[in-house]
Amino acid sequence: MACYEYPYFTASQCSSLSTLFLLTRDDTELTEPRWQCSVIDRCLCYPQETGYKDSCGDTPLHRVCQRSNVSNVYKVDAVKTLLQVNKGLAIVQNSWGETPLHCVLNTANDHTDAGNSSRGNRIAEEKIVRLILQAQMSLGRTALLKKTYLGRTALHEACCRSDQDNNGPPNNTTGNHMNDTQQHESLVQILVQAHVRAGLSVNGAQNDLGDTPLICALKYRRASSRLVSLLLEYDCGSVHTRNKAGWDAIRVFFSMAEEICAARLRSLSSNAILIPRDEYHDLREQSCCSAEELEMMQICNVLFHARSFGHIADASTTIHPELLHLAVSLDCPPRLLRVLIASCPNQLVLGRKCDGKTPLAIAASTPGLVHGCNAIAVMVDACTEAAGIPDRDGHLPLQLALMNVLDRKDVDAWRLIMNAEIRAVSTRDKVTKLYPFVTAALSTCRDEANQVEIIWELLMAAPECLQRICHLLR
């Protein structure tokens with residue numbers, strides 16, 4: 001049947017609301033089986049009524065998809081019949097720019113009865129999505145890119161749904177939450193596959209805030225590593241895309257992870273969340289690490305694989321070889337950094353491939369990090385030995401921190417490193433041949449009083465350095 005064979009009329013243009021519209025109202029008192037049969041019969045007997053619109057621009061298909069008091073199991077045949085009678089309904093947008101597919105994805109429907117389980121309801125929802133997608137694809141691939149007034153495509157809507165399915169605490173691991181997560185991932189997978197078949201970029205569309213579907217998924221606490229993998233599998237380059245606020249996917253993830261860690265920290269005692277020093281085993285064996293923290297580590301691993309290698313083929317089985325190095329250089333929040341350290345503590349003493357710097361050396365040599373001082377505190381607490389490991393050029397972390405100490409936002413970072421490895425105070429740099437106090441004296445001076453205080457502390461920690469210099473000058 002040709003698209004738009006039946007004209008569209010608003011309710012004000014009709015002498016009265018059609019029977020089909022009355023059947024799709026939320027206050028219909030018919031039982032679900034009776035409602036299903038009535039809708040199907042009316043569509044087949046009066047197909048012209050499928051083209052009517054109400055004052056909000058909703059067609060009967062919109063209204064069927066929006067009904068939350070009818071199980072999806074009874075909606076499947078009704079949706080199928082509507083699309084068979086008038087396939088063009090699949091791409092009609094209402095006054096808010098929503099297609100029927102948007103209505104399915106943003107309507108929470110957990111309605112069940114004695115004859116239909118929650119699992120059956122979710123399977124039926126997938127069937128409805130597939131039916132509408134099939135009709136949309138037959139009318140042109142750009143139908144998938146239709147946006148609401150907020151600029152959301154259907155994939156945006158599915159990714160944002162993670163915050164709508166369950167409003168419980170972030171550490172909720174009940175059966176309902178697990179089912180919601182699996183259903184959420186299944187719907188996103190269906191839409192991603194549709195984009196791939198249509199030759200469309202999975203994360204190419206951006207909403208009014210400039211967010212891609214990937215960024216939308218990461219903004220909510222229900223994002224999972226599998227969901228992120230689905231969105232990046234065919235479009236790894238989108239990990240670099242920034243929204244209108246200038247945030248890319250990794251920065252959005254860091255912000256979300258910090259909120260989750262902070263919420264968990266408030267719910268536990270301050271000592272319960274900390275992983276004891278020198279007891280870094282498999283993260284799954286640590287009772288103080290929640291399932292959300294495990295999931296955050298896995299999400300971080302997937303994002304870093306996409307950023308570094310342009311693919312995520314090994315992300316599910318292999319930890320990024322420079323996970324900590326990349327996390328520190330990207331200004332990872334300290335609570336998330338602690339979780340990442342627990343997953344790969346050996347990386348604290350390994351230098352990265354390009355310059356041989358350990359994660360601690362990276363934090364020490366990068367003055368613009370917002371979380372730099374806290375990151376250094378976490379790393380020296382986890383592994384004091386890292387403070388004595390030089391980079392490829394022979395610079396110790398203390399020397400790197402002192403080279404631009406007065407330009408740093410965290411002027412006390414050098415003190416944390418000095419306390420972790422006191423011998424570094426009396427060790428000359430292999431390149432410049434300078435003691436740490438001389439390096440501090442030669443640094444760019446913005447605050448002479450602070451500079452003098454730093455030099456004095458370094459000399460008091462290792463007075464023999466001054467004696468050696470005096471001996472050489474004789």
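## A buried pair: Glu 157 and Arg 152

Glu 157 and Arg 152 are both buried in this predicted model, and the two residues are joined by a salt bridge in which the closest N and O atoms are 3.2 Å apart.

## Other salt bridges

A search of the whole structure finds ten salt bridges, and one of them links Glu 49 with Arg 42, where the closest N and O atoms lie 2.6 Å apart. Glu 49 and Arg 42 are each buried.

A further salt bridge is formed where the side chains of Glu 258 and Arg 335 meet, at 2.9 Å from N to O. Because Glu 258 belongs to helix H11 (residues 249–267) and Arg 335 to helix H14 (residues 334–343), this pair ties together parts that are 77 residues apart in sequence.

## Packing of helices H16 and H18

Helix H16, which spans residues 372–382, packs against helix H18, which spans residues 413–420, at an angle of about 10 degrees and with the two axes 9 Å apart. Since angles under 35 degrees count as roughly parallel, H16 is therefore described as roughly parallel to H18.

On the H16 side the contact is made by Cys 373, Ile 376, Ala 377 and Val 380, which meet Ala 413, Leu 416, Ile 417 and Ala 420 of H18. Sorted by class, the contact of H16 with H18 comprises eight nonpolar residues, with no polar and no charged residues.

Notes:
Residues are numbered from 1 along each chain as its sequence is written. This is a predicted model: local features need pLDDT of at least 70, side-chain atom pairs count only at pLDDT 80 or more; totals for chains, interfaces and linings use all residues. Side-chain values use heavy atoms; hydrogens and water are left out. Axes are lines fitted to C-alpha atoms, for helices over the stretch in contact, and angles run from 0 to 180 degrees between N-to-C directions. Helices (H or I, at least four residues) and strands (E, at least two) are DSSP runs, numbered from the N terminus. Angles under 35 degrees count as roughly parallel, over 145 as roughly antiparallel, 65 to 115 as roughly perpendicular and the rest as oblique. Contact means heavy atoms within 4.5 Å. Ala, Val, Leu, Ile, Met, Phe, Trp, Tyr, Cys and Pro count as nonpolar, Asp, Glu, Lys and Arg as charged, and the others, Gly among them, as polar. A salt bridge is a side-chain nitrogen of Lys or Arg within 4 Å of a carboxyl oxygen of Asp or Glu. Buried means under 20% relative accessible area, exposed over 50%, partly exposed in between (1.4 Å probe, protein chains only).
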